[in-house]
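Trainee: Could you take me through one part of this structure slowly, keeping to the pairs of charged side chains? I am new to it and would like a connected account.

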Amino acid sequence: MFAFIVSRILQALPVMLTVSLISFAMFAYVGDPVAIMLGQDFTEAQRQALVQQLGLDQPFFVQFATFLGNAVQGEFGLSYRLSRPVAELIAERAPATLELALCAAFIALAVGVPMGVYTGLYRHSWLSRFFLTFSLIGVSLPTFLIGILLILTFSVWLGWLPSFGRGDVARLGWWSTGFLSWSGIKALILPAITLGLFQLTLIMRLVRSEMLEVLRTDYIKFARARGLPNRMVHFGHALKNTLVPVITIAGLQLGAIIAFAIVTETVFQWPGMGLLFIQSVGAADIPVMAAYLMLIAAVFVTINLIVDLLYYAVDPRLRIGRGGGH
Amino acid sequence: MSETETLPAAGSAPATAPLLSVRNLRVEFPTRRGTLVALDDVSFDIHPGEVLGVVGESGAGKSMTGAAIIGLLEPPGRIAAGSISLAGKRIDNLPYEQMRRIRGREIGAIFQDPLTTLNPLYTVGRQLVETITTHLPVGPAEARRRAIEWLELVGIPAAAQRVDSYPHEFSGGMRQRVVIALALCAEPKLVVADEPTTALDVSIQAQVIALLKRLAREKGTAMMLVTHDMGVIAETADRVAVMYAGRIIEIGAVRSVVKEAAHPYTAGLMGSIPPISHRVERLEQIDGAMPRLSAIPPGCPYNPRCPRVFDKCLTLRPELLDAGATRAACWLYDPK
């Protein structure tokens with residue numbers, strides 16, 4: 001197991017290296033940071049000083065090595081726009097995005113899996129047909145439109161929930177959480193639904209098709225022939241056999257939720273990393289963009305590792321090195 | 001179990017009351033192009049401790065009969081007429097939950113392919129324990145003890161260790177032994193074995209059949225043994241029913257059916273088995289193929305292939321008639 005984890009981390013290294021190269025290339029070749037930072041009026045001496053300060057007079061590979069060295073230490077330089085350390089900005093914004101993403105993922109799984117099981121078991125009931133129709137909406141409507149419709153309904157017309165922001169947040173060390181106050185929780189509901197709806201319908205459709213597949217198998221028929229209660233057959237034998245593909249997709253989707261919270265955060269003015277990113281794009285704030293890119297890559301790599309480990313937990317056939325049959 | 005030898009005569013019942021009684025069973029599949037009749041007027045009995053072999057070509061309705069008995073016909077298939085009774089009680093019209101309690105507890109089932117019948121994600125021990133605790137009033141510790149006992153009984157070496165193994169850690173033959181243990185662990189009175197050896201190596205087939213036969217005898221379990229292997233039937237069954245196009249066309253004591261088959265189809269079937277006693281140049285074969293369910297000819301369904309067909313066969317459907325040692329659905333035995 002340990003060897004497996006080590007080998008996966010070693011495999012992740014080239015991925016991270018490639019992403020960092022792209023991030024760095026962005027740094028070096030997209031726009032001229034010096035021109036952005038100096039503004040309208042500057043002397044040649046000021047320009048030279050800044051170029052030296054930023055190390056831009058060094059050769060490409062030296063710059064890349066410096067960038068890598070700093071990145072490994074979590075040091076991504078100063079934001080051009082806010083003139084604050086990028087790492088600090090991201091650490092400040094990460095709790096908002098992570099809380100939003102985890103809530104969205106929780107909604108997607110806690111609602112999507114049971115709906116998938118139900119529609120798989122009772123294919124022809126009217127409720128299944130309703131779920132499937134509803135899921136088409138979830139799949140086909142763009143996120144920003146869902147967000148705006150939710151705001152229109154629940155904030156503008158009904159006035160139940162806030163339309164933007166995070167509400168009151170409590171600070172737990174460096175982490176800021178919205179879970180501890182009523183206004184924080186209320187502020188989380190609409191964006192979490194908006195962000196999770198697509199994943200919810202995706203997971204529901206995936207679980208449904210996997211259930212249909214598994215329910216046809218001989219071992220399910222045999223479980224019925226052994227007289228096991230339906231609850232055991234459906235949720236024990238059948239659902240567990242659908243889990244491997246569901247874990248794969250759910251893991252990738254969690255990465256996607258974190259990475260692509262941008263739209264939702266923009267619609268709800270959610271003070272997370274996605275909003276920071278989109279504002280940075282507007283200002284060509286390359287250090288923030290590069291750091292964000294690398295962070296998202298790290299998130300995907302980590303989630304993939306966890307997904308692989310979960311396979312082992314779920315499917316005994318993947319656990320090698322035990323005495324086999326003959 | 002009774003020590004008296006049950007030697008049922010020609011297709012007729014021995015003196016005891018039947019354990020399973022199937023009467024005029026008709027199974028239909030509604031399709032877009034009309035209703036297919038998969039089983040038509042199927043009647044037979046199985047007595048306590050008796051082994052009934054059911055033979056026939058693929059699609060003759062053997063497995064369908066088994067599925068109807070355990071109440072697990074694949075939808076949209078349904079029982080359209082007739083009855084199935086277990087120990088005198090109708091079971092074909094029970095609600096799902098009541099029938100579920102009978103499955104496993106009173107009627108066990110063994111499926112064809114042991115590689116796919118076991119859930120790959122659970123240990124064999126867990127699958128045995130859940131079956132035992134579902135049907136018998138025992139706690140988890142006792143259920144586990146019995147699970148190990150059953151694995152020993154079906155001949156799994158080092159059962160106490162193997163109980164925690166997963167299905168993929170067993171060979172095909174060993175898995176079928178586990179399936180047999182699963183089918184028998186709640187001590188049902190009847191086992192429906194649907195081609196239990198078809199998916200196994202020939203060398204393993206004999207072992208598994210011997211095991212089934214031994215356990216059925218020791219536990220006094222009656223068995224409906226569905227197969228297309230006459231050798232297995234001859235070795236294992238007390239009586240045999242021959243099916244063709246969804247109907248039973250001959251039924252009788254196994255010796256009589258093998259030695260003096262009355263129905264031309266059964267005779268053809270027997271002729272296609274290579275004899276051991278002498279060498280034959282060429283095995284007999286039955287020309288043509290069994291009709292599709294959507295195109296069963298009027299009269300006797302075997303009439304297009306029958307070498308002894310006459311005009312009555314083309315229009316009227318024969319019932320099972322006394323035909324010497326067996327009962328056969330053939331106009332040749334019409335007393336009139």
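Mentor: Let us begin with B:E130, which is buried, with a relative accessible area of 6%, in a model that, please keep in mind, is predicted. The side chain of B:E130 meets that of A:R226 in a salt bridge, at 3.2 Å from N to O. A:R226 lies in the loop between helix 9 (218–225) and helix 10 (230–259) of chain A, while B:E130 lies in helix 4 (residues 124–135) of chain B, so the pair joins two chains. A:R226 also counts as buried, at 2% relative accessibility.

Another salt bridge, between the side chains of B:R305 and B:E57, stays within chain B and spans 3.3 Å from N to O. Because B:R305 sits in the loop between helix 11 (264–271) and helix 12 (311–315) of chain B, and B:E57 in the loop between strand 3 (51–55) and helix 1 (62–69) of chain B, this pair ties together parts that are 248 residues apart in sequence. B:R305 is buried, with a relative accessible area of 12%, whereas B:E57 is partly exposed, at 25%.

A further pair is B:R100 and B:E97, whose side chains meet in a salt bridge at 2.7 Å, N to O. Both residues lie in helix 2 (residues 96–102) of chain B, three residues apart, about one turn of the helix. Here B:R100 is buried, with a relative accessible area of 7%, and B:E97 is partly exposed, with 37%.

Finally, B:R26, B:E28, B:D40, B:R78, B:R247 and B:R317 are linked in a network of salt bridges, and over all chains the structure holds 29 salt bridges.

Terms used. Residues are numbered from 1 along each chain as its sequence is written. Chains are lettered from A and ligands numbered from 1 in the order in which they are written. This is a predicted model: local features need pLDDT of at least 70, side-chain atom pairs count only at pLDDT 80 or more; totals for chains, interfaces and linings use all residues. Side-chain values use heavy atoms; hydrogens and water are left out. A salt bridge is a side-chain nitrogen of Lys or Arg within 4 Å of a carboxyl oxygen of Asp or Glu. Helices (H or I, at least four residues) and strands (E, at least two) are DSSP runs, numbered from the N terminus. Buried means under 20% relative accessible area, exposed over 50%, partly exposed in between (1.4 Å probe, protein chains only).
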